[in-house]
Amino acid sequence: MAELTEPRWTHVALPVTDLERSIEFYTTVTPLVLVTRNVDDNGQGAWLSNKNQVDSPFVLVLAEFKPEIGKNFGIEPGQKATTLAPFAHIGIEMPNREDIDRIADKAREAGALRWEPRDMAAHIGYICAVNDPDGNTIEFSHNQKVFSTIQELWG
């Protein structure tokens, strides 16, 4: 088993009100897959990531807290704890422009489209954004060049 040898950025964590609904959303609308589930005295959670992301593991942590635990973090039972909105977001870069339109169409049908597809500045690319079940913003981009910029810099 590989051991961590330097500090790494490893995850973003979001509270959710319904873990199953959130897993379904993220594994259907985004390219993320379920890595593992966790259950403990605080509640239940899940880790999602890109399939086979071995070189630089990074996960989205979804946490559904027991009501008494959620209150410790300012989360009221049964209330959405929207963390990323209206601009704060998780960004997912897609390989094709058509991917953005397809995701927007699917989100529009579900009443979850936050930003219509649009061309932005060169460093942003072609984007749209979707609301997850708890109201968090997920941005999908094409040609944002985050991946290629990092590859050119350190690859």
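What is the volume of the largest pocket? In this predicted model, local features need pLDDT of at least 70 and side-chain atom pairs count only at pLDDT 80 or more, while totals for chains, interfaces and linings use all residues. Residues are numbered from 1 along each chain as its sequence is written, and side-chain values use heavy atoms, with hydrogens and water left out.

The volume of the largest pocket is about 1,400 Å³. A pocket is an open set of points on a 1 Å grid over the protein atoms alone, where a 1.4 Å probe fits, with protein on both sides within 12 Å along at least five of seven lines; lining residues have an atom within 4 Å of a point. The lining comprises 33 residues, and N50, Q53, F58, V146 and F147 lie nearest the pocket centre. By class, 18 lining residues are nonpolar, 11 polar and 4 charged (Ala, Val, Leu, Ile, Met, Phe, Trp, Tyr, Cys and Pro count as nonpolar, Asp, Glu, Lys and Arg as charged, the others, Gly among them, as polar). Strand β5 (89–94) is among the elements that supply at least two residues each, and its 6 residues form the largest share. Helices (H or I, at least four residues) and strands (E, at least two) are DSSP runs, numbered from the N terminus.

Helix α4 (residues 146–154) holds L153, which counts as exposed because its relative accessibility is 54%. By contrast, T30, in the loop between α1 (19–29) and β2 (32–40), counts as buried at 6% relative accessibility. Buried means under 20% relative accessible area, exposed over 50%, and partly exposed in between (1.4 Å probe, protein chains only). The C-alpha atoms of T30 and P7 are 27 Å apart in space, with 23 residues of separation in sequence.

Technical notes
Points joined across faces, edges and corners; volume = space filled by probe spheres on them.
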